[in-house]
Amino acid sequence: MYLPWVLLAFRMILSGGGLSEIVGILVGHLYFFLAFKYPQDFGGASLLQTPQFLYNYFPGRAPGTGLFSRPPQERSGSWGRGNRLGGN
């Protein structure tokens, strides 16, 4: 969350610039507002849509089909009793 601001601070300290970082931060905030906050919180129309060719190129937009949306696999086997921490 703070990475863009840290990069801006480093750029300002090292080279005295930082205009491109400020523009990037502003564009990122504008995108987040138009894509998420305005439609959800203010009831406005969704002004930004992802192009269809990106959905076709990167499959898995349906719920439950993405890489990180799979449930963990069942573990089988004997794991043992383990060691209790601080039990010397």
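A9 sits in helix 1; helices here are DSSP runs of H or I, at least four residues, numbered from the N terminus. A9 is partly exposed, at a relative accessible area of 35%. For that scale, buried means under 20%, exposed over 50%, and partly exposed in between, with a 1.4 Å probe and protein chains only.

A word on the source. This is a predicted model, where local features need pLDDT of at least 70 and side-chain atom pairs count only at pLDDT 80 or more, while totals for chains, interfaces and linings use all residues. Residues are numbered from 1 along each chain as its sequence is written, and side-chain values use heavy atoms, with hydrogens and water left out.

E21 belongs to helix 2, residues 19-41.

Is E21 buried or exposed? Buried, because its relative accessibility is 17%. What does E21 touch, leaving out residues up to four places away in sequence? L7, L8 and R11. Contact means heavy atoms within 4.5 Å.

Now the salt bridges. The definition is a side-chain nitrogen of Lys or Arg within 4 Å of a carboxyl oxygen of Asp or Glu. The whole structure has 2.

One joins E21 and R11, at 3.4 Å, N to O. That pair links distant parts of the chain: R11 in helix 1, E21 in helix 2, 10 residues apart. R11 is partly exposed, at 37%.

K37 and D41 form a salt bridge too, with the closest N and O atoms 2.6 Å apart. Both lie in helix 2, 4 residues apart, about one turn of the helix. K37 is partly exposed at 33%. D41 is partly exposed at 45%.

Next, the surface. M1, Y2, L3, W5, V6, L7, F10, I13 and L14 form a nonpolar patch, with about 1,100 Å² of accessible area together. Patch members have over 30% relative accessible area and no salt bridge; nonpolar side chains (Val, Leu, Ile, Met, Phe, Trp, Tyr) are joined within 5 Å, like charges within 9 Å. Areas come from Shrake-Rupley with a 1.4 Å probe, and for residues only the protein chains shown count as cover. Take L14, in helix 1, residues 3-15. L14 is exposed, at 73%.

Last, the record. An unreviewed UniProt entry annotates residues 12-34 as "transmembrane region". Such annotations may be inferred rather than shown by experiment; positions follow the numbering used here, and feature names are shortened. In the model, that span is 87% helix and 0% strand, with its end C-alpha atoms 29 Å apart; strands are DSSP runs of E, at least two residues.
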